[in-house]
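This briefing sets out the sheets, helices, salt bridges and surface features of one protein model. Please read it alongside the sequence and the coordinates.

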Amino acid sequence: MRIFFPIHLDGGNRGCEAIAKGTAILLQEKKENLIGLCSDTDLDKFLCIDDYVTLKRFPQKSLLFRIYRKIIFLITKDLEIRKSITYKHDYQRFLKSMSRTDIMLSTGGDMMCYQNNQTIFTVNYAKQRGVKSILWGCSIGENNLTPTKIEALKNFNMIYARETLTKVMLNQHGFNNVVVFPDPAFILNPEACTLPECFSSSEVIGLNISNFVIGGFELDTPFAKEIIKMVEYILSEAQFHILLIPHVMWKDQDDRVVSKKLRDYLGSDRISILDSEKLNYCQIRYVISKCNIFIGARTHAVISAYSTSVPAIALGYSIKSKGIAKDVGMPDWSVVDSKNIKKNSLLDAFLKMRKEEQQIKDMILLNMNSYKQKTYGILDEVYKVYYKCK
């Protein structure tokens, strides 16, 4: 059984790394049969993703193609036509290598939460070629659906939702091919690495922030001000060290940018930044596992906290945060809506977490092993799709 991952992208987003590795372990296939399209093979080899998945590099954009695309862009302002030109160049050769006995997994988790993108192009292409496809470990909210997305969702042979809220919503829209299992990243184990110096001298609050939850790269947004308020409280009223933990290091959404701005703005020697660039996903998970409390914007960073029984506050902006927290058993207040922030809601959540820290940790410890074990059930569902290919 060959399985193709056209939307792996690369481990610059450590969540993409986590999905690739977790998926490979779940599928129990040799890496020769797991083929991923990758935009940065050097980085993925550094992260050892190539131990799990055979990496195929994105095609280089030739001068001729760049000229052709520029001409098309001058002719039309239609965004969908412009996207299709790029998607055909980037994905068509990779997708053509699939046969009808292969399966295409559309990874990325929340790709259907954003505007029309390559998820739609690739599934429509697979459908046209008679290749079976699975939307893998997804989260989708009611407000994310458009007529175009609904039509694309119909082309998937199976939809694997990573939390129950997505399944409920899709069932209400008539989709009866939806299964629910935890995100593949839950099954990964922490990998020991050298801890930052702050762990030797104090208790640590782990904090992951991104431009998505803040609303940009500046600290003048309503949510950024709430983060500053919470951090200032921790510095003045508690003895914790705050470790900022970047988790995505892509140029257009680099967590290190907002982390550095927050550290420089507050100017405290009790704030430091983890050098995440030198660590893989499981090593970052190990660092998170040593935190007393974790507060995170990136879904797969929060998953690292849950999976290692660290009490966590999710800085949520979509259904994925609420859905995963609900299924893990976390209280509603542990998800703070960054898009509809209420004054002091983040600080209030932190104070509640401090008060209930031990009982929440005990709850996660009690439930996490059985929750993780459920993830392995997806293998049977994949085989059901595979045998329909033959």
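Helices here are DSSP runs of H or I with at least four residues, numbered from the N terminus. By that assignment, arginine 14 and glutamate 17 both belong to helix α1, three residues apart, or about one turn of the helix. The model is a predicted one.

- Strand β1 (residues 3-9) pairs with strand β4 (residues 103-106) in the parallel sense over two bridges, and phenylalanine 4 has methionine 104 as its bridge partner in β4.

- Strands β8 (residues 204-208) and β9 (residues 241-244) pair in the parallel sense over four bridges; the partner of isoleucine 205 in β9 is isoleucine 242.

**Salt bridges**

- The side chains of arginine 14 and glutamate 17 meet in a salt bridge at 3.8 Å, N to O.
- Both partners are buried: arginine 14 has 1% relative accessibility, and glutamate 17 has a relative accessible area of 0%.
- Arg14 and Glu17 are linked with Lys21 in a network of salt bridges.
- Aspartate 255 forms a salt bridge with arginine 298, with the closest N and O atoms 2.8 Å apart.
- Aspartate 255 lies in helix α11 and arginine 298 in the loop between β11 (293-296) and α13, so this pair ties together parts that are 43 residues apart in sequence. Both residues are buried.
- Glutamate 381 forms a salt bridge with lysine 384, the closest N and O atoms being 3.4 Å apart. The two residues lie in helix α16 (residues 378-389), three residues apart, about one turn of the helix.
- Glutamate 381 counts as buried because its relative accessibility is 17%, under the 20% cut-off. Lysine 384, at 48%, counts as partly exposed.

- Helix α14 (residues 319-328) is mostly covered, with seven of its 10 residues buried: Ile319, Lys320, Ser321, Gly323, Ile324, Ala325 and Val328.
- The cover over the buried residues of α14 includes α7 (164-172), α13, β12, β13 and α15 (345-374).
- Glycine 329 follows α14 and has a positive phi, near 105°.
- Leucine 153, in helix α6 (residues 147-154), is buried at a relative accessible area of 1%.
- Apart from neighbours within four places in sequence, leucine 153 is in contact with Met112, Leu135, Ile140, Leu145, Ile159, Leu170 and Phe175.
- Leucine 165 is 12 residues from leucine 153 in sequence and 17 Å from it in space, C-alpha to C-alpha.

**Surface patch and positive phi**

- Leu63, Ile67, Ile71 and Ile75 form a nonpolar surface patch with about 420 Å² of accessible area together.
- Isoleucine 71, in helix α3 (residues 63-75), is partly exposed, with a relative accessible area of 45%.
- Glutamine 28 has a positive phi, near 55°, though it is a residue other than glycine. Glutamine 28 lies in the loop between α1 (14-27) and β2 (34-38) and is exposed at 58% relative accessible area.
- Serine 309 likewise is a residue other than glycine with a positive phi, near 65°. Serine 309 is in the loop between α13 (299-307) and β12 (312-316) and is buried at 6% relative accessible area.

Note on methods. Residues are numbered from 1 along each chain as its sequence is written. This is a predicted model: local features need pLDDT of at least 70, side-chain atom pairs count only at pLDDT 80 or more; totals for chains, interfaces and linings use all residues. Side-chain values use heavy atoms; hydrogens and water are left out. Two strands pair if DSSP finds at least two bridges between them. Buried means under 20% relative accessible area, exposed over 50%, partly exposed in between (1.4 Å probe, protein chains only). Contact means heavy atoms within 4.5 Å. Patches are made of residues with over 30% relative accessible area and no salt bridge: like charges are joined within 9 Å, nonpolar side chains (Val, Leu, Ile, Met, Phe, Trp, Tyr) within 5 Å. Accessible areas come from the Shrake-Rupley method with a 1.4 Å probe; for residues, only the protein chains shown count as cover. A salt bridge is a side-chain nitrogen of Lys or Arg within 4 Å of a carboxyl oxygen of Asp or Glu.
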